[in-house]
Amino acid sequence: MGFVTPDFGTLFWMTIIFGILLIILKKFAWKPILTALKDRETSIANALSSADKAREEVKDLKADHEKIIAQAKKEKDLIIKEARDLKDNLLAEAKTQASVEGQKIVAAARQQIQAEKQAAISEMRKQIAELSVLVAEKVIQRELKDKASQENLVEDLLKDLKLQ
């Protein structure tokens, strides 16, 4: 029952043991515990500051990344525009060349057609002249079979010559 109702001696020895325990804890335990807590606090503070630095670096990198993407988009648009302009220029040039070549081909074809037409006309005239001579020869041979018709023809020709 002495533990439930403390007497003066027990309180004295409990205080001395508690004091000795405090001295031993102060000498051996509190200093390492406090340094461990201080080290832990420092490492947490360092980790938080490095996390803040990393967050800022990520934010800066993200901003740089967005700038690079925007610049790349501008360059892409510029390259596409230049390619379209080049395509349009090439198409226009090709159309112009095709038109010029077409006109040259048409002109050459017209000249060739004209030359062939003239050759055909010339050939037809030649054939018509030959046919006319043959027809005239046949007609003259029939009409001039006898001597009297020959003399009449010569007299008519002489009359025509004198009149002119």
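Rings of Phe, Tyr and Trp (its six-membered ring) are paired if their centres lie within 6.5 Å; planes under 30 degrees apart count as stacked, over 60 as edge-to-face and the rest as tilted. The model examined here is predicted, with local features needing pLDDT of at least 70 and side-chain atom pairs pLDDT 80 or more, while totals for chains, interfaces and linings use all residues. Residues are numbered from 1 along each chain as its sequence is written, and side-chain values use heavy atoms, without hydrogens and water.

One aromatic pair is present in the structure. The ring centres of Phe 12 and Trp 13 lie 5.4 Å apart, and the planes meet at 75°, so the pair is edge-to-face. Accessibility was classed as buried (under 20% relative accessible area), exposed (over 50%) or partly exposed (in between), with a 1.4 Å probe and protein chains only. Phe 12 is partly exposed at 44%. Trp 13 is exposed at 52%.

Two surface patches were examined. Patches consist of residues with over 30% relative accessible area and no salt bridge; like charges are joined within 9 Å, and nonpolar side chains (Val, Leu, Ile, Met, Phe, Trp, Tyr) within 5 Å. A salt bridge is a side-chain nitrogen of Lys or Arg within 4 Å of a carboxyl oxygen of Asp or Glu.

The nonpolar patch includes Phe 18, Leu 25, Trp 30 and Leu 37. Its members together have about 760 Å² of accessible area. Trp 30 lies in helix H1 (residues 8-143) and is partly exposed at 40%.

Glu 151, Glu 155, Asp 156 and Asp 160 form a patch of negative charge on the surface. Asp 156 belongs to helix H2 (residues 147-163). Its relative accessible area is 42%, so Asp 156 is partly exposed. Helices are DSSP runs (H or I, at least four residues), numbered from the N terminus.

Terms used:
Areas by Shrake-Rupley, 256 points an atom, 1.4 Å probe, with all protein chains shown as cover. Lys, Arg positive; Asp, Glu negative; His and termini not counted. Charge placed at Lys NZ, Arg CZ, Asp CG, Glu CD. Helix = DSSP H or I, 4+ residues; strand = E, 2+ residues; numbered from the N terminus.
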